[in-house]
Amino acid sequence: MPAFGLSSSPANRPAAGPNRGKQMDDQTTAGHNQVDALPRAVDRPMSGIQERAAKQRREWHHVLLLTPAVLWVLFAVLVPVAMIVWVSFRRMKGGLLEPALTIENWTTALSQGITWTLVFRTLWTTGVVLVIVAALGLTAGYFLSRFVKKPRTQALLLMLAILPFWTSYIIRIVTWQPLLGERGVLNWTLVRLGIINEPSSAFLFNQGVMMFAMVSLYVVFVIGPVYWAFGTISPDVVAAARSLGATPWKAFWTVELPLAKGGLVAGSFFAAIFLFGDYATERLIGGGTHPALAGTVKAYAGYGQWPAASALGVLLIVMVFLVLGLFMKFHNLRREL
Amino acid sequence: MALDFEKMAQIRAAADRACTRRSFLTGGLKVAAGVALGGVAGAGLAGCGSDGTATTTSAGGSGATQAGADATLGPISEIGLSLTEDPRILTAAEEALGFKVNGRADGLGNQLTFWLQNYKQFDINQVNFSQNGALAATLRPIAVADIPAWNDQVIDLFRTPGVPGYSDKSGWPIAGTYTSQAVQSEKYDEFIGVPTWFGFDAFGYVVDKTAGDVTSYGAIFDPGNKGKSTLLNEPITSVMKIATYLQGTNQYSFTGALNNLTPEDLDICFQFLGEHKAKGQFRLFWSDFGQLVGLLTAGEIVVGDFWASACAAANKAGANVRFVNDPAEGSNGWIQGATISAETKNYEAATKFINWYLESGIPGSILGVQGYYSPRPDTCKPILEAQSTTVDGINDWDYWYQGAKPEERPSLDERLPHVADWQSYPDEYERYAGLWTQFVAS
């Protein structure tokens, strides 16, 4: 049997017309081969060897297409995660990891009440922000797709929502400080209007404001997918529902929303991933007095306590997978791929 | 002590062997003689000292003992705070030494992590000595003889136990500067790291906005400042300040040194901290210099364990912050200095650079006007005396070192006896870090 590399040599190909030579130059695109294979199969049944050769050729292309992504995931995701898991079973001394394995980091982490406080706080913050982000994203995306008629205006409005993402993540967070601080724009305005007598410190460095900032940071992750999802629903479907007697409200809930659910779930999942890992907003707007898991992982790492940081990091990763499972219950995200 | 001295000794032995071999190959018999005679032949030829082929150029600075420029040395790479990696300092060093010095500035928190991950690619870590214990296995000791600038002119604080500023309980700053063998033998002939600058940590407050007694750390915990106070988000220095406060006000008497608390002592501190956090005393926990200056300038906080240099920077930006030099309970001394990587291939260049740091007086004068002291004040003195950048009519030496305006800035001699203890790496560090992280998260 010829090896993968040899299977594409002309010797393995059926005799062919003028297109054959051209196709040989297009080895890297699997699509060409498949399209090409169809008429051939109809014209002339392939021998067993020829079929196997064609199949191998397709597999070889699959491998080629997949390789960069697989390598990337391997070195940028799987290897680091494996190292985090590995470090969570080690101890440190004098700045270096000791060779012996131990479960001490885990027994400490799991037996401490504070760990579960952190887990709860992480879920609470993510949950609350996610509900708001989903509600705002859904209404904004729906508005964009149904009530803005001109595609140009749609694109322009969507662009405006995405525009802040042209600046760095940290800058987008920090910008809330001069708006909400003691000498910030909000306090200045409220004092000027006589609504409050003295500048208030209630608008910055607390959990409520932190969640508010998080909503502003992550809502666009939902707006985009929801907008596209509604855009793919044919107007005929809605018209059909209406002509069968559904009120606009009922048509939305029973026809449009279920069809657009994928966009909502996919967008919310992206937002959730970011929320789980966002320790910067927590520190810069929340004041860092009530950190969640990610902020605590960062703190441990900064103090050179890598095993403790790793154990909590693994816990965070597990939580992300559990939440992914939960999202999959609502909607099979694989269908969106 | 938690320092891994066994490991350090192994590293030292290995490094000495490598050093001798390399010197022998490059410098020939002359160097071998120098190494062999190191103990008696004087600082210049000791250990990995200068080889016979060095091309000495007059590199400005302070004359005969200036380290010679040597084209065969370096380049070296170091990490430190933005204060130590000041381009003015690095440029002056390159001019004097004739090799490139790559400096990488980082925040206090990131510095530890960065060094642990990258120490093999760097030669020097200019670090707060309270972190040395966490880094022990990545550092190699430095022979005092390799730093000729470490001579009789170094202030007594770093050479003699028992002088003002010395802590009987912890043995610092001597115990934090020299390896345990060097301390035990009383020869003081080997550094963990070379002190290059030092200072005293206390607290600061915004004038006219802070309630309570502003001469005591108690102001941070005063009910009148509820929701407006802050602490540095870092276990070693913050916990030590709490202990200094509790001991200084006779609320509790600690069994161990203030910089090396026992588990029971720690529980007392964290009980105190936890109660105040639950009451909403702290507005936030700050993490770096720039952030603190921003918070002070924006008027977000009124009292906390501010750094002197951050107070000065905030005042330049229009704030009215006062740094309390010597609180009633005492200050917390700290040492910043140069440590050398266990994996360095440039030990000789590194020691020349460190020597220059002390001997030229240039870093000392740049850091001096930011409120910090050099272990060799004599080398900074001529530079500081010749300038008056802080207060009109008073030269910088008189202001920063001599206490020309004592109500703002007492003299170094006056401040030393007020040191409660020195920031160091505690034996129970893991417990410190764990409890602190839990306290912040509670």
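Let me begin with a definition: a helix axis here is a line fitted to the C-alpha atoms over the stretch in contact, and the angle between two axes is taken between N-to-C directions, running from 0 to 180 degrees. With that convention, the axes of helix α5 and helix α12 of chain A, the latter spanning residues 248-277, come within 9 Å and cross at roughly 135 degrees. Please bear in mind throughout that this is a predicted model.

On the α5(A) side, the residues that make the contact include Thr122(A), Leu123(A), Val129(A), Leu138(A) and Arg146(A). On the α12(A) side, Phe252(A), Glu256(A), Leu264(A) and Phe276(A) are among them. Sorted by class, this contact holds 14 nonpolar, 3 polar and 2 charged residues.

Helix α5 of chain A, residues 113-146, has a further partner in helix α10, residues 207-231 of that chain. Here the axes come within 6 Å, and the crossing angle is roughly 40 degrees. That angle makes α5(A) oblique to α10(A). The contact between α5(A) and α10(A) comprises 22 nonpolar, 5 polar and 1 charged residues. As for handedness, α5(A) and α10(A) cross in the right-handed sense.

I turn to the next helix pair. How are α14(A) and α15(A) oriented relative to each other? Their axes lie 8 Å apart at an angle of about 160 degrees, and the two helices are therefore roughly antiparallel. The crossing of α14(A) and α15(A) is left-handed. Helix α14 covers residues 293-302, and its side of the contact consists of Leu293(A), Ala294(A), Thr296(A), Val297(A), Tyr300(A) and Ala301(A). They meet residues of α15(A) that include Trp306(A), Leu312(A), Gly313(A) and Met319(A). In class terms, the contact of α14(A) with α15(A) has 11 nonpolar and 2 polar residues, and no charged ones.

Thr437(B) sits in helix α18 of chain B, residues 429-441. Apart from neighbours within four places in sequence, Thr437(B) is in contact with Thr296(A), Ala299(A), Tyr300(A) and Tyr303(A). Is Thr437(B) buried or exposed? Its relative accessibility is 3%, so Thr437(B) counts as buried.

Returning to α15(A), which spans residues 306-330, we find Phe327(A) within this helix. Phe327(A) has a relative accessible area of 11%, and is therefore buried.

Chain A has 337 residues, 41% of them buried, and its secondary structure comes to 15 helices and 2 strands. For chain B, the figures are 442 residues with 59% buried, and 18 helices with 14 strands. The accessible surface of chain A is about 19,200 Å², with 72% belonging to carbon and sulfur atoms. Chain B exposes about 16,500 Å², and carbon and sulfur atoms supply 51% of that. Among contacts with a separation of 6 or more, residues 24 or more positions apart account for 66% in chain A and for 70% in chain B.

Finally, some backbone details in chain B. Most residues other than glycine have a negative phi, and most peptide bonds are trans. Which two residues of chain B does a cis peptide bond join? They are Trp172(B) and Pro173(B), with omega at about 5 degrees. Pro173(B) lies in the loop between β5 and α6 of chain B.

Asp208(B), which is not a glycine, has a positive phi of about 75 degrees. Asp208(B) belongs to the loop between β8 and α8, and it counts as exposed because its relative accessibility is 76%. Asn250(B) likewise has a positive phi, near 60 degrees. The loop that holds Asn250(B) runs between α9 and α10 of chain B. With a relative accessibility of 70%, Asn250(B) counts as exposed.

Conventions. Residues are numbered from 1 along each chain as its sequence is written. Chains are lettered from A and ligands numbered from 1 in the order in which they are written. This is a predicted model: local features need pLDDT of at least 70, side-chain atom pairs count only at pLDDT 80 or more; totals for chains, interfaces and linings use all residues. Side-chain values use heavy atoms; hydrogens and water are left out. Helices (H or I, at least four residues) and strands (E, at least two) are DSSP runs, numbered from the N terminus. Buried means under 20% relative accessible area, exposed over 50%, partly exposed in between (1.4 Å probe, protein chains only). Contact means heavy atoms within 4.5 Å. Accessible areas come from the Shrake-Rupley method with a 1.4 Å probe; for residues, only the protein chains shown count as cover. Angles under 35 degrees count as roughly parallel, over 145 as roughly antiparallel, 65 to 115 as roughly perpendicular and the rest as oblique. A crossing is left-handed if the near helix is turned anticlockwise from the far one by less than a right angle, and right-handed if clockwise. Ala, Val, Leu, Ile, Met, Phe, Trp, Tyr, Cys and Pro count as nonpolar, Asp, Glu, Lys and Arg as charged, and the others, Gly among them, as polar.
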